[in-house]
Amino acid sequence: MNLNENTIKKISFIIGLIIVLGFSYMVGSSAYHIALTTSGGSYNNSYISDEIYYVDSARRILVNVFGYKGQLYPYSGETQSNYYNFEHPPLAKYIIALSMVILGDKPINWRIPSVILASLIPLILYLGLSIGNDIKWIFLSVLASLIASSDKILIVMGSVALLDIYAAFFLTIAIVFAFRKNLLLSAVFVGLASASKETGLFGVLALIILSFSLYGKKFLAIKKIVEIILIVIVVILIFYIPLFYHFGVLNIIQQTVGGYKWDLQSRPPGPPTSTPSGWLFNVNPFVLSYSPLLEADTTPIIEVPAMVSAISIFISCILYKRNYCYRAGVVFYISIFLGFWIVYLAGNHTLYSFYSVILTPAAAITLVEAIDMIMGGLIGKNENNVSSV
């Protein structure tokens with residue numbers, strides 16, 4: 001690459017970065033406005049939807065596990081005094097608790113981490129897809145960031161203190177590292193996503209598929225898969241250590257196993273439910289609040305093309321073997337979608353549209369990977385996915 005081309009690339013990267021920072025600001029400011037102006041309409045008009053479970057549990061963990069002595073929000077104790085939300089992993093609740101310590105135990109402060117994480121997702125997509133790649137991928141990275149920031153569900157879930165945005169954030173980083181063929185670092189962030197909400201575990205299936213795609217049916221692929229699984233398990237267990245110490249290992253294991261069984265069971269009738277396929281068309285969006293109305297709307301103009309692209313690329317993979325198979329966005333998108341369908345078919349028919357936020361980064365990358373293929377970008381014939389572990 002001569003100096004002139006290198007200069008053009010640097011200028012393009014800076015321009016792209018400025019544009020994407022605008023996208024991140026839009027997501028963050030929109031999510032913050034919703035977080036600031038939306039009340040639950042119930043639960044003492046403070047908690048929005050399932051915040052009552054996660055925030056109360058985060059507060060109890062903060063006080064009873066970590067010994068916090070600071071001032072607490074006056075509406076604490078809405079759930080039973082011995083409830084710790086063991087049916088879900090603890091990392092996101094630790095972060096919510098940390099926000100209480102740093103910012104104070106107030107409704108807007110519970111939601112600030114969600115606002116920040118949602119706003120960072122477009123920026124992470126841009127940096128992860130563009131750094132070290134050619135000008136084409138700078139353009140595609142900006143496009144991926146635009147797609148993610150245009151997904152309604154990202155802004156909505158960035159405004160509430162629920163667990164799903166945490167899983168989406170860590171999965172974004174995991175997909176980016178997988179895109180760059182760094183599967184072990186990707187596994188670390190799949191572990192962090194899974195330590196936030198168990199839906200992050202769908203990323204393990206994606207990494208298994210990508211390992212076979214990258215290494216073929218060789219011993220190296222099996223070795224890599226074993227390493228990936230071990231990394232994910234270790235990362236998850238690290239965040240359970242405080243709970244193990246306080247409540248006992250056996251108790252937490254029993255509670256966690258019970259939580260996974262609960263994940264496969266339908267909930268009582270109540271909020272609007274939909275199938276994973278229904279999310280593609282925004283069928284029965286979950287209502288988070290009625291004051292004002294806040295629905296977990298999906299964005300069909302993104303989700304439908306992403307699914308069509310993913311299926312098309314999988315067909316290309318079958319027809320042309322490995323030339324088209326290593327597409328991290330596509331594999332994560334299909335794996336997450338398939339994971340939700342497995343949960344549904346296993347017996348949980350009360351899935352909610354806000355779960356789909358973890359599809360947002362994978363959908364964005366899937367669409368730009370499809371464009372890259374249309375532009376003739378076979379893996380190995382361009383500059384993307386340069387690193388490997």
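I started with H16, which is mostly covered, with 13 of its 15 residues buried (buried means under 20% relative accessible area, exposed over 50%, partly exposed in between, with a 1.4 Å probe and protein chains only). I'm working from a predicted model, where local features need pLDDT of at least 70, side-chain atom pairs count only at pLDDT 80 or more, and totals for chains, interfaces and linings use all residues. Residues are numbered from 1 along each chain as its sequence is written, and side-chain values use heavy atoms, with hydrogens and water left out. My helices (H or I, at least four residues) and strands (E, at least two) are DSSP runs, numbered from the N terminus.

**H16, its length**

I checked the span of H16, residues 360-374: the first and last C-alpha atoms are 22 Å apart, close to the 21 Å expected at 1.5 Å a residue. The expected span is 1.5 Å times one less than the number of residues. After H16 I noted Gly-376, with a positive phi near 90°.

**H11**

Next I looked up H11, residues 219-247. Its 29 residues should span 42 Å at 1.5 Å a residue, and I find its end C-alpha atoms 40 Å apart, which agrees. There is a kink of about 45° at Tyr-240, shortly before Pro-242; the bend is the angle between axes fitted to the seven residues ending there and the seven starting there.

Which helices do the buried residues of H11 pack against? I get H3 (51-65), H4 (91-103), H9 (183-196), H10 (202-215) and H12 (249-263). Tyr-240 is one of those buried residues, and Lys-224 is also among them. Gly-248 follows H11, with a positive phi near 100°.

**Two helix pairs**

I then took H8 (residues 164-179) with H9: their axes come within 8 Å and cross at roughly 170°. That makes H8 roughly antiparallel to H9. Axes are lines fitted to C-alpha atoms, for helices over the stretch in contact, and angles run from 0 to 180 degrees between N-to-C directions. Under 35 degrees counts as roughly parallel, over 145 as roughly antiparallel, 65 to 115 as roughly perpendicular and the rest as oblique.

The residues that meet include Phe-170 and Phe-177 in H8 and Phe-189 and Leu-192 in H9; contact means heavy atoms within 4.5 Å.

**Lys-152**

I placed Lys-152 in H7, residues 152-157. Lys-152 is partly exposed at 46% relative accessible area. Beyond its neighbours within four places in sequence, Lys-152 is in contact with Asp-297, Thr-298 and Thr-299.

**Two asparagines**

Most residues other than glycine have a negative phi. Asn-85, in the loop between H3 and H4, has a positive phi of about 55°. Is Asn-85 buried or exposed? I find Asn-85 buried, at 1% relative accessible area.

Asn-282 has a positive phi too, near 60°, and sits in the loop between H13 (276-279) and S1 (287-290). I logged Asn-282 as partly exposed, at 22%.
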